[in-house]
Amino acid sequence: MDRRDFLKLSGAVGATLMGAEAKAAQSDPDAPEFLGVLVDTTRCIGCRSCEVACGTENSMLVPDVANDGALDNLRTTDEKQWTVVNKFDTSKGDVFVKRQCMHCWQPACTAACLTNAMAKTELGPVTWDGDKCMGCRFCMLSCPFDVPKFEYDSWNPKIQKCSLCHQRTSVGGTPACVEACPTDAIMFGNKRDLMEIARTRIYNHPDDYVHKIYGEYEAGGTGWLYLSAVPFEEIGFRTDLGTTPYPEFTKDFLYSVPLVLLGAPALLAGLSQMSGSSDEDDESEVHGE
Amino acid sequence: MNNSDTSPMNKTGNKLPGLFSFLLSQLKPRGSMFTVFNMISIPVMLAGVVILYIRFTQGLGATTNLSQANPWGIWIGFDVVTGVAFAGGAYIVTFAVYIMKMDKFHPIVRATVLNGFLAYMFYAGALVFDLGRPWNVINPIIGNSFGYNSVLFLVAWHFMLYMLAELIEFSPAIMEWLGWKRARRIAKGLTLAAVIFGVSLSTLHQSGLGALFLMAKPKIHPLWYSEFLPVLFLVSSVFSGISMVILESSISHKVFKMQLGPDSHRKLDEIIIGLARGAALALFVYYFFKALIFVHDGQWALINDGWGLWYLLEIIGFVLVPMVLYAYGARHRAVGIIKIAAGMSLVGILLNRLNISVIAFNWNVADVYVPHWAEIVVTLTVVFAEIWLFRFIVHRMPVLREPGKIGSPNRERELRSLN
Ligand code: SF4
Ligand code: SF4
C-alpha cells in the first residue's frame with residue numbers, strides 16, 4: 001500500500017468516524033454549474049459605477065467617484081468597500097481592474113472556518129453569517145486572495161466581503177455591480193457559459209488578449225474569471241498561487257486525525273502494559289488516618 | 001485507606017460549612033507580599049485589565065496593531081502558538097512516567113502537569129481576547145455549527161479535551177488538599193486512562209497548530225513554509241516541552257526550597273540529566289527533518305539575503321548549538337550547560353513560532369506588523385497571572401513536597417479545629 005492509498009483509506013475511516021465526509025466540490029458532470037462573473041478588463045473604462053452600485057445595494061460606503069481621486073492609488077477592498085477598481089499603467093496603456101471576492105470553487109475561507117459562518121451556498125456565492133462567526137480571522141489568514149476584511153474599530157466587528165449579492169442572485173437576480181456596468185465589462189452567468197464566452201473572445205481576437213483566463217484554474221478555479229490584454233502580473237494578480245484547491249493542503253492532516261485518535265491510545269495502552277506495573281505506592285501518599 | 005472510611009459524600013455533606021471556611025482560610029496570602037516579582041507583576045496586571053476593558057468596548061483596533069494584511073499578532077503567535085509548544089512538557093513527562101514507567105521522573109510529574117494545565121488554561125484561554133465575536137465561541141462547542149473540515153475546529157476541541165485530561169491527572173493533589181480520600185482514590189484510578197487520552201490528544205493538537213498555517217502557503221516565506229509543518233511542530237514540541245520542564249523545575253526548586261526534602265537537589269540533577277538526553281535526541285530528529293526539507297526543496301538560493309541569514313540564525317544558533325550543548329551536558333553531567341541549552345532551545349522555539357505566525361508571515365507585503373505596547377502588556381498579564389495561580393497552588397496543595405510531610409494531616413487538624 002503506498003502513501004496515497006493509505007491516505008485514501010484513512011480518509012474513508014475518518015469520514016465514517018466523524019460522520020461527515022470532507023465534502024469536496026469535485027467536478028461531478030451532473031452538478032449544477034456554479035454562478036460566476038466574467039470580467040473583461042479590455043472593456044473596463046474605470047467609471048467605478050460598480051463601486052457605487054455595490055455600496056448602495058449592500059449598505060456599505062458609497063464612494064464620491066467624481067471627487068475622491070481614488071484611481072491615483074492602488075487600493076484593496078476593505079471593511080467599508082467590498083469591491084474596488086484600480087488603474088494600472090501597463091505596456092498597453094492604462095488598464096482598469098475591478099477586484100472583489102473570487103468566490104472560489106473550493107474556498108480556503110470556508111475550509112478554515114470552524115463555525116461554518118463562511119459557507120459556499122449551493123449556487124456558488126460564498127457568504128458570511130454573523131450569528132455563527134466568532135471573529136477568529138482564520139478565514140483572512142487562509143484566503144489566497146486576501147479578501148475577507150475585519151472591522152477592527154468595532155466592539156461588535158463583522159467580516160466584510162462580497163457576497164455576490166446573495167440576496168439578489170439567490171432569487172434569480174443579477175449582482176448590483178453587473179447591472180450598473182455601462183460597457184458590459186462584467187457579465188454574470190454560470191461558469192461553463194462564461195468560460196465559453198471568454199474562449200470565444202480570445203479565439204476571435206487573438207491579438208487583443210493574452211491567452212489565459214485568470215480564474216479558470218487558479219487556487220482550484222474561481223467563480224470570477226478575468227480576461228486581459230497584458231500579462232496578469234502587470235495588473236496586480238498573483239500568478240504563483242498554483243492550481244490546487246487550498247483545502248487540499250490540510251486534507252492529509254485532517255484524515256490522519258481519526259487514525260491517530262484510534263491508533264495512539266491502543267498503542268499507548270499496549271506500551272504501558274509491556275513496561276510493567278509501576279512500583280508507585282498508592283496508599284503511602286495518603287496520611288492523616 | 002480501609003473500609004472503616006465513611007463515604008466522601010456523607011463526610012463532605014456534614015462538613016460543608018467547615019469546607020467553606022477551610023477554603024476561605026486558604027485564600028490568605030502565604031509569605032510576604034512585597035517581593036520583586038509582586039512589585040513588577042501587580043502594576044502590569046492592573047494595566048492589562050484596563051487594556052482589556054478598552055479592547056472589549058472599542059474593538060481590537062484600539063489596543064492592537066493588527067491590520068487587514070496581518071490578522072494574527074502576538075496574542076495568537078506568542079500566547080497560543082508558542083505557549084502551547086512550551087507547555088508540551090506535560091505530555092512528555094506523563095508519557096515517560098505512566099506509560100514507560102520511568103519512575104525516576106516521578107518527583108516532577110505533578111508540578112509539570114499543573115504547569116501544563118495552567119498554561120493551557122491561560123495561554124489557550126487568551127485566545128478569547130483575540131476573538132472579534134467571543135460570544136459566539138460556544139457555536140463550535142455546543143454543536144449547532146460544526147466546521148469539521150477546519151483545522152482550527154480540531155485544535156480548539158483538542159485543547160478543551162486535553163485540559164480535562166490534565167485536570168484529571170492533577171486531581172489527586174486537589175483531593176489530598178481537601179482531604180477527600182475516597183475521591184482521591186477514584187481520581188488516582190483514572191490517571192492512566194487520562195494520560196493515554198492526553199498524550200494522544202497532544203500529538204494531534206501540537207501538530208494541528210502547524211497545520212493551521214498550511215493554507216497560508218502564498219504568505220509565509222518559503223524557508224519557513226513546508227507541507228510538513230505539522231510534523232515539525234510535533235517534533236519541536238518535544239524538546240520545547242522538555243526544555244521548559246528543566247528551567248521551570250530548577251526555578252521551582254529554588255523558590256519553594258522549604259517544601260523539599262534534603263536530597264531533592266541531587267535527585268533533581270539526575271532528572272535533568274535524563275531529560276537532557278531526550279531533548280538532545282528530539283533536537284537531532286528535528287534538525288535532520290529541517291535539513292531534509294531544505295535539501296529536498298532546493299532552498300540554497302534562498303539563503304543569500306537577510307531572510308536567509310535570519311533562518312540560519314534560528315537553525316544553527318538555536319537548534320544545532322543547543323543540541324550539541326544538551327548532548328555534551330548529558331554526557332559530562334554538566335547541569336549548568338544543560339540549563340543554558342534549555343534556554344537556547346526555548347529561544348529557538350520562540351523564533352520559529354513567531355517567524356511562521358508573525359515575522360516571516362506576509363514577508364512580501366509592505367504592511368509590516370509590529371506589536372502594539374498594549375499587546376505586550378496583555379501578554380505579560382497572562383504570563384504573570386499563570387505564575388500567580390501556580391504559586392498559589394504550590395503553596396497549598398501537595399505538588400512539590402514529599403507527600404506526608406505537610407498536607408493532609410494539617411488539613412485534618414484545620415478541619416477539626418474549625419468545627
Ligand atoms: S477569494 Fe478568498 S474569501 Fe473569496 S471565496 Fe476564495 S478563499 Fe473565500
Ligand atoms: S472569522 Fe468568522 S468567518 Fe472567519 S473563520 Fe473565523 S469564525 Fe469563520
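**Entry 1: the interface.** I began with how much surface chain B and chain A bury between them, and I found about 6,300 Å², with carbon and sulfur atoms giving 61% of that area. A note to myself: the model I am reading is a predicted one.

**Entry 2: who touches whom.** I looked up the contacts next, and 77 residues of chain B meet 67 residues of chain A.

Entry 3: I looked up a salt bridge by name: B:Asp130 pairs with A:Arg137, and their closest N and O atoms are 2.7 Å apart.

**Entry 4: helices on the chain B side.** I checked which helices of chain B each supply at least two residues to the side touching chain A, and the list includes α3 (36-58), α9 (151-178) and α16 (408-418). Which helix gives the most? My answer is α10(B), with 14 residues. Sorted by class, this side of chain B has 40 nonpolar, 24 polar and 13 charged residues.

**Entry 5: ligand 1.** Last, I turned to ligand 1 and found 13 residues around it. The closest are A:Cys101, A:Met102, A:Cys104, A:Cys109 and A:Cys143. I sorted the shell too: 11 residues are nonpolar, 1 is polar and 1 is charged.

How values were computed. Residues numbered from 1 in each chain as written. Chains lettered and ligands numbered in written order. Predicted model: local features only at pLDDT ≥ 70, side-chain atom pairs only at ≥ 80, totals over all residues. Heavy atoms only, no water. Near = heavy atom within 4 Å. Nonpolar A, V, L, I, M, F, W, Y, C, P; charged D, E, K, R; others polar. Contact = heavy atoms within 4.5 Å. Buried area = accessible area lost by both parts, 1.4 Å probe. Salt bridge = Lys/Arg side-chain N within 4 Å of Asp/Glu carboxyl O. Helix = DSSP H or I, 4+ residues; strand = E, 2+ residues; numbered from the N terminus.
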